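This report goes through selected features of one protein model. Please keep the sequence and the 3D view open while reading.

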Amino acid sequence: MLELYLLIIAMLAAAVVAVEIKDLLASAVAMGIVGFSVAIMFILVQAPDLAIVQIVVEILTVVFFAATILRTTHTDETIGKGLKTESIFPSITYFIFATLFAVLVSYALRELPPFGAPIMKIASYYVHNGLRDTGAANIVAAIILDYRGYDTFGEAVVLFTSVIGVLTILRSTGRK
């Protein structure tokens, strides 16, 4: 349990560095530290499949960010300029939604079981009724494509959208 707290502290420190540092390449590396810390946390809670996915996504993300930063600019010129008048309304809106989100999360966290205590209600339902409900021959495929089909589709859309965004940035820079 101590390892998880140390990783959370390291993740918070890396996240603060990623937001506050002017060098964008160092910021991308700091975000990579956050992602790899999440992968280590997955390993510690015995979820190696999630850790493998997290490591692959993190490597691709850091490589895309580094390629984009190396082709564009290395410094963030928006840091240290202070708060402009046109950014006051978005800042207040962000603060209101962040506070609302924190309140809702605090209510949601009260309903969770203690850390390490498995719920297994949904997983038990999937195992006992998955083949009958879906007609699939493989229970893993039934869970990923039938029960969690929208979730899997959303993850694929986010991944392809980010790849298209990076390729668009790289292509527009190459045309100049």
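Which residue forms a salt bridge with Arg132, and how far apart are the closest N and O atoms?

## Basis of the report

The model is predicted: local features need pLDDT of at least 70, side-chain atom pairs count only at pLDDT 80 or more, and totals for chains, interfaces and linings use all residues. Residues are numbered from 1 along each chain as its sequence is written, and side-chain values use heavy atoms, with hydrogens and water left out.

## Salt bridges

The partner of Arg132 is Asp133, and the closest N and O atoms of this salt bridge are 3.9 Å apart. A salt bridge here is a side-chain nitrogen of Lys or Arg within 4 Å of a carboxyl oxygen of Asp or Glu. Arg132 is exposed, with a relative accessible area of 62%, whereas Asp133 is partly exposed at 36%. In these terms buried is under 20% relative accessible area, exposed is over 50%, and partly exposed lies in between (1.4 Å probe, protein chains only).

The count by this rule is 2 salt bridges. Arg148 also forms one, with Asp151, where the closest N and O atoms are 2.4 Å apart. Arg148 has a relative accessible area of 42% and is therefore partly exposed. Asp151, at 31%, is partly exposed as well.

Side chains of opposite charge can pair when their charged atoms come close. Glu58, in helix H3 (residues 48-71), is buried and has no salt bridge. What is the nearest side chain of opposite charge to Glu58? That side chain is Arg148, 17 Å away.

With neighbours within four places in sequence left aside, Glu58 is in contact (heavy atoms within 4.5 Å) with Met31, Gly32, Gly35 and Phe36.

Helices are DSSP runs of H or I with at least four residues, numbered from the N terminus. Ser27 is found in helix H2 and is buried at 9% relative accessibility. The Ser27 side chain reaches the backbone oxygen of Ala18 at 2.6 Å. Not counting residues up to four places away in sequence, Ser27 touches Ala18 and Ile21.

Ala30 is also in helix H2, and its relative accessibility of 5% makes it buried. Beyond its neighbours within four places in sequence, Ala30 is in contact with Ala14, Val17 and Ala18. Between the C-alpha atoms of Ala30 and Val62, which are 32 residues apart along the chain, the separation is 9.6 Å.

## Nonpolar surface patch

Met1, Tyr5, Ile8, Leu12, Ile40, Leu44, Val45 and Phe115 make a nonpolar surface patch of about 790 Å². Helix H1 (2-20) and helix H2 (24-44) are the elements that give two or more residues to the patch. H1 provides the largest share, 3 residues. Patch residues have over 30% relative accessible area and no salt bridge; nonpolar side chains (Val, Leu, Ile, Met, Phe, Trp, Tyr) are joined within 5 Å, like charges within 9 Å. Areas come from the Shrake-Rupley method with a 1.4 Å probe; for residues, only the protein chains shown count as cover.

Leu44 lies in helix H2 and is partly exposed, at 40% relative accessibility.

## Val127 in H5

Is Val127 buried or exposed? This residue of helix H5 (residues 121-134) is exposed, at 56% relative accessibility. The C-alpha atoms of Val127 and Ile139 are separated by 7.2 Å, with the two residues 12 apart along the chain.

Methods:
Lys and Arg count as positive and Asp and Glu as negative; His and the chain ends are not counted. A polar contact is a pair of N or O atoms within 3.5 Å; within protein, one must be able to donate a hydrogen and the other to accept it, and residues adjacent in sequence count only if both atoms are side-chain atoms.
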